[in-house]
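Biologist: I am new to this one and would like to learn how to read it. Could you walk me through it, a feature at a time?

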Amino acid sequence: MATNGTSDLKRKQGIVSSLCKHFSLDPKAFSSQVPGNDIKTLYINILKSSGKESLQNNDEVMKWIAFADSFPSDSKACHGGLNELNTDLAKKSVLLGNGFTPSEADVIVFSVIHSSVIALSTPEKEKLPHVMRWMDYIQNSEDLGPLFEKILLEKPVFEPQIAKAAAKPEVTSSAKGTVQNTKIADKPDAEKNAKKSDSADAKKKAKGDKEAVPEKKAPEKEASDKDKELSVSLLNIQVGLIRKAWKHPSADSLLVEEIDVGEAKVRQVVSGLAKYCSPEDLTNRRVVLITNVKPGKLRDVMSEGLVLCASNEDHTKVEPLLPPEGAKPGEHISFSGIDGKPEDVLNPKKKQLEKITPNLFTDEKGVATFKGIPFMTSAGPCTSSIPKASIK
């Protein structure tokens with residue numbers, strides 16, 4: 001490995017700790033092996049102790065171990081390796097693993113590059129968006145917070161354009177006044193006084209414009225509010241289990257479902273699924289639903305949520321999103337890197353839902369996403385059999 005002795009030892013200690021956490025082992029059992037072994041040997045020993053020796057993609061794991069073994073400790077020399085990793089992560093969420101479940105390869109590479117990424121400047125981090133997204137995901141999903149410092153990407157402070165425009169009249173007036181004063185020196189007193197009066201008026205106007213600027217700070221707040229309205233964090237999206245479903249009594253296109261979302265009583269939801277699903281198809285099926293929409297009646301039947309469904313382009317195929325086996329009713333859907341508290345109840349007048357849903361879609365593998373970020377549960381991502389579908 002291209003490192004000096006101290007950093008080499010520290011790096012391998014980090015790998016052992018994170019691998020043991022990944023496999024639910026005690027790292028103390030391997031502490032004596034760290035000084036005299038390379039990454040590959042340490043990995044094999046830990047793997048044997050975990051009882052998971054026969055792994056798929058073992059060649060791929062070894063490829064990433066070789067990457068980790070050759071990764072330089074010098075922060076100035078690591079850019080090539082990080083750029084290579086960023087390119088590799090552009091089209092996937094983890095290096096190896098089942099969909100979005102991190103593998104030991106992810107854990108090893110994360111442990112090796114962590115200190116180098118921490119040392120990068122904000123502009124350098126911004127050039128590695130896929131690496132930054134992946135590191136945040138691995139740290140959270142593997143619960144590596146106690147072992148590694150959280151990597152933060154500082155966002156630039158928003159500067160409204162109007163603030164820059166406000167400075168222009170003052171500079172222009174000053175420059176204009178200087179030119180005028182130069183010309184005035186060669187003219188009669190009466191004309192000179194008139195010019196001075198004009199110059200004073202111009203300065204007074206510029207000053208007035210400058211003083212009026214503080215009243216024009218609304219655009220910054222409006223921009224901030226607009227960004228907030230577009231965040232999926234406003235939606236309270238939960239895993240549900242349909243306990244019962246039946247046809248709407250007065251609308252052929254609608255079905256009514258009783259959905260368990262982990263509350264004291266089930267929620268009644270009306271969905272436009274009669275054309276695509278039978279009540280029998282939906283009974284005991286897991287679904288994803290928004291639970292903070294404003295309750296209301298659909299054709300005289302109360303609805304207390306919105307079941308999210310994937311649809312192909314011509315809407316000939318529609319199906320509810322499917323949480324993975326093991327996801328529990330009531331569990332909240334999370335999105336890596338997106339924090340925020342959902343609204344208590346969405347305000348229909350703000351059209352928040354209408355602004356957010358255009359960014360909901362399934363990827364080429366059928367994984368449900370918001371702007372490409374997966375709908376995650378404790379058991380994995382939510383999916384659909386319809387790839388590249390819109391979600392509503």
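Modeller: Let's start with burial: a residue is buried under 20% relative accessible area, exposed over 50%, and partly exposed in between, using a 1.4 Å probe and protein chains only. Ser-271, for example, has 7% relative accessibility, so Ser-271 counts as buried. Please keep in mind that this is a predicted model, where local features need pLDDT of at least 70, side-chain atom pairs count only at pLDDT 80 or more, and totals for chains, interfaces and linings use all residues. Residues are numbered from 1 along each chain as its sequence is written, and side-chain values use heavy atoms, leaving out hydrogens and water.

Biologist: Where does Ser-271 lie, and which residues does Ser-271 touch?

Modeller: Helices (H or I, at least four residues) and strands (E, at least two) are DSSP runs, numbered from the N terminus. Ser-271 belongs to strand β3, residues 267–271. Contact means heavy atoms within 4.5 Å. Not counting residues up to four places away in sequence, Ser-271 touches Ser-253, Leu-254, Leu-255, Glu-257 and Val-307.

Biologist: Is Val-239 buried or exposed?

Modeller: Val-239, found in strand β1 (residues 237–247), counts as buried because its relative accessibility is 1%. Beyond its neighbours within four places in sequence, Val-239 is in contact with several residues, including Asp-260, Val-287, Pro-323 and Thr-377. Val-239 and Arg-286 are 47 residues apart in sequence, yet 7.1 Å apart in space, C-alpha to C-alpha.

Biologist: How many helices and strands are there in the protein?

Modeller: The protein has twelve helices and 15 strands. Of its 392 residues, 40% are buried.

Biologist: At what angle do helix α2 and helix α3 pack?

Modeller: Axes are lines fitted to C-alpha atoms, for helices over the stretch in contact, and angles run from 0 to 180 degrees between N-to-C directions. Helix α2 (residues 39–50) packs against helix α3 (residues 58–70) at about 140 degrees, and their axes are 9 Å apart. That angle makes α2 oblique to α3; under 35 degrees counts as roughly parallel, over 145 as roughly antiparallel, 65 to 115 as roughly perpendicular and the rest as oblique. Where they meet, α2 brings Ile-39, Lys-40, Tyr-43 and Ile-44, while α3 brings Asn-58, Val-61, Met-62, Ile-65, Ala-68 and Asp-69.
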